[in-house]
Every structure is written in C-alpha cells, then in structure tokens.
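Here is a short briefing to read beside the model. Take a look at the fold first, and then we can go through it topic by topic.

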Amino acid sequence: MGVLIKFILVFVAIYLLLKGFVRFLFGRRTGSSSPYQQQRPEQPRQPETQEDRIIEYQKKTFESSDAEDVEFVEIKEHKSGN
C-alpha cells in the first residue's frame, strides 16, 4: 500500500508542475477556455423579419418551459375474425 500512495503522490506532483509550467509559458488564462482558442465577443443579432422574431420568441419560450411528466395509455387494436 505504501508504494501505491507514493506513486500517486509523485504522479500528482509531476502533473501539477507540468500544468504550472504550461501556464507560465502561455500566460494565465481566466475561465475554462483553451489557450489555443481565440475568443471573439459575439453581439446578439437582431431578428430581421417578423418570422425570425417569432421563431426567436418560440425558442426562448420553449427553453424556459418546464418539462412535464406524461402518462401513456397503450391502445391495442382488436382483430375481428371468424
């Protein structure tokens, strides 16, 4: 058991050192973004037509609505035969 604990501690120490070294090279990043991604501020675009505005409203309404539990009733078709 002692060897396993030492191995885990050494592995964690090496991981933290490498992570600190990478942060030192690339500079400290805020948030969970990757250092390789370039972030561009996106401006929310305004819907251009009445149809676009309706679709945007329906999306917002759908996203904010609560989920409902639904019970299903099984319908069996009876075959009539002689």
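How many helices and how many strands does the protein chain have? The protein chain has two helices and zero strands, where helices (H or I, at least four residues) and strands (E, at least two) are DSSP runs numbered from the N terminus. This is a predicted model, in which local features need pLDDT of at least 70 and side-chain atom pairs count only at pLDDT 80 or more, while totals for chains, interfaces and linings use all residues. Residues are numbered from 1 along each chain as its sequence is written, and side-chain values use heavy atoms, with hydrogens and water left out.

**Exposure of the chain**
- Of the 82 residues of the protein chain, 0% count as buried; here buried means under 20% relative accessible area, exposed over 50%, and partly exposed in between (1.4 Å probe, protein chains only).
- The protein chain exposes about 9,500 Å², and carbon and sulfur atoms supply 57% of that area, computed by the Shrake-Rupley method with a 1.4 Å probe.

- Met1, Leu4, Phe7, Ile8, Phe11, Val12, Tyr15 and Leu16 make a nonpolar surface patch of about 920 Å².
- Patches are made of residues with over 30% relative accessible area and no salt bridge, with like charges joined within 9 Å and nonpolar side chains (Val, Leu, Ile, Met, Phe, Trp, Tyr) within 5 Å.
- One of these residues, Ile8, lies in helix H1 (residues 2-26) and is partly exposed at 45% relative accessibility.

- A search of the whole structure finds one salt bridge, meaning a side-chain nitrogen of Lys or Arg within 4 Å of a carboxyl oxygen of Asp or Glu.
- That bridge joins Lys59 to Glu56, with the closest N and O atoms 4.0 Å apart.
- Both partners sit in helix H2 (residues 50-64), three residues apart, or about one turn of the helix.
- Lys59 is partly exposed at 44%, and Glu56 is partly exposed at 28%.
- Gln50 also lies in helix H2, and its side chain makes a polar contact with the side chain of Arg53 (3.0 Å).
- A polar contact is a pair of N or O atoms within 3.5 Å; within protein, one must be able to donate a hydrogen and the other to accept it, and residues adjacent in sequence count only if both atoms are side-chain atoms.

**After helix H2**
- Asp66, Glu68, Asp69 and Glu71 gather in a surface patch of negative charge.
- Glu71 is in the segment after H2 and counts as exposed at 77% relative accessibility.

Notes. Lys and Arg count as positive and Asp and Glu as negative; His and the chain ends are not counted. The place of a charge is taken as NZ of Lys, CZ of Arg, CG of Asp or CD of Glu.
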